[in-house]
Amino acid sequence: MKKRKTFITAVCIVLVVLMLLSIIVMAVAPLAYASSSSEIQDEIDDLNSQKYAIQGRMNDIQAQIDSLDYQKANTLEKKLILDQKNELARQEIQVIDEQIAIIDNQIATIQKDLAEARQEETLQRERWLERVRAMEESSDIGYIQVLFEATSYSDLLTRLDLVNEILVYDEELEQEYIAARERVESLEAEAEAKFAENEVRRQEQQECRDRLQADIDAACMLMATMDTNIAENEEIMAQEAETLAQTQALIVKKNKELQEAKAAEEAERQRKLAEQQAAMQQAAGAGPVQGTAATGTWMMWPTYTHVINSYYGMRTDPVSGVIYRLHAGVDINSAWGTQIWSAAAGTVILAGWNGGYGNCVMVNHGNGYTTLYGHMSSIAVSNGQSVAMGQVLGYVGSTGNSTGPHLHFEVRSSSTGGTINPLGFSYLT
Ligand SMILES: [Zn+2]
């Protein structure tokens, strides 16, 4: 029971401490957080790479949209040709339909003729039958009987004449009817054939139209799909463009912060320098740095970075490849355009092109030492000018005998005229 109570108490203490800590952190964090220019530069570099990535993606998406647009235009062109073919087939069917209508009319006319012929036939047959009936009624037994019942030769001739007349008349009627019927039937057959032929053609055209319509439907569907794809891509493009705009705005903001941080850092550096110079002048009496050279620390490091690419001493020359040549200074790794500061106060005795040193500045410090700054991209001072410690002499470059941007820094002794390892000195900053 006691153990449990102790445990709960411990948990409570931990919770209270955590709460207090979070309050302290929240209160202190804004004060503690002040980005240096190099941190801001890192952020800007990150943002720039994000920006290039977005731009790369946008290029890819644009290429896709262009490709889809091109494919869609092609499909549309094909569809227009299909539309034209479809229209031709439709017109063809219209012509066939008109022809079929004409043939239909012809068939109707022929059928009407046939009906009339049949009616005529029926009528004539009735007349004929009437005639035969009349004859039969008058004799009850037909032609032969009629002839047999002749009462005299002249009566027989008369009767013979009559029978003959009836026979001829019957024959003519029969022939006329057959001719009419055959004519009508032949016309009807001809019309039926034409009708069938047109039906086949119509069927063919309709099948052609069905195929064309299927192709047109497929093209329309394809274009609709492409439209959807284009719309989707354009939506992504718009999102990317928005992200790009935000990133660019952030870069602008960060660049402003960078300038402010740089200005603050430069002001801080100048303040420290002034402090140091004042302290040194106090220590050395009224004069400048003279007399302190041999014993005290009288130089400051001539640029921001302290990374050494190549030390003082014998080495293989990186440009010529010549082995064991004295490297008369130190190569300080530094970005193009970085400020180069005078290591101490003095007088500029060289400011200009200096053979393998490229753009070069030499400062005589009046204490038996001269410093040299080589491979500058540009020079900020002129020959004969007095310079203070920390004053900008120029900017890092790769002029002269150099394979990449760096500061070649040399210290020379005026008494021997030779060089001294710059790392043999201690520096103020
Ligand atoms: Zn060098």
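Biologist: Is His408 buried or exposed?

Modeller: This is a predicted model, in which local features need pLDDT of at least 70 and side-chain atom pairs count only at pLDDT 80 or more, whereas totals for chains, interfaces and linings use all residues. Residues are numbered from 1 along each chain as its sequence is written, and side-chain values use heavy atoms, with hydrogens and water left out. Buried means under 20% relative accessible area, exposed means over 50% and partly exposed lies in between, computed with a 1.4 Å probe and protein chains only. Because its relative accessible area is 4%, His408 is buried.

Biologist: Which residues are the protein donors of the zinc ion?

Modeller: Donors are N, O and S atoms within 2.8 Å of the metal (3.2 Å for Na, K and Ca), and the site may look incomplete since water is not among the atoms. The protein donors of the zinc ion lie 1.9 to 2.2 Å from it, and along the chain they follow the spacing H-x3-D-x76-H. The atoms concerned are NE2, OD and ND1, belonging respectively to His327, Asp331 and His408.

Biologist: How many residues apart in sequence are the parts that His327 and His408 tie together?

Modeller: Helices (H or I, at least four residues) and strands (E, at least two) are DSSP runs, numbered from the N terminus. Since His327 lies in strand β3 (residues 325-327) and His408 in strand β11 (residues 406-413), the separation in sequence is 81 residues.

Biologist: What is the phi of His375?

Modeller: His375 lies in strand β8 (residues 369-379) and counts as buried at 5% relative accessibility. Although His375 is not a glycine, its phi is positive, at about 65°.

Biologist: Which residue forms a salt bridge with Asp227?

Modeller: A salt bridge is a side-chain nitrogen of Lys or Arg within 4 Å of a carboxyl oxygen of Asp or Glu, and a search of the whole structure finds 12 of them. In this pair the closest N and O atoms are 3.0 Å apart, and Asp227 in helix α4 is linked with a partner 155 residues away in helix α2 (residues 37-139). Asp227 counts as partly exposed at 37% relative accessibility, and its partner, partly exposed at 25%, is Lys72.

Biologist: What is the N to O distance between Arg202 and Asp97?

Modeller: Arg202 lies in helix α4 and Asp97 in helix α2, 105 residues apart. Arg202 is partly exposed at 26%, as is Asp97 at 30%. Their side chains meet in a salt bridge with an N to O distance of 2.4 Å.
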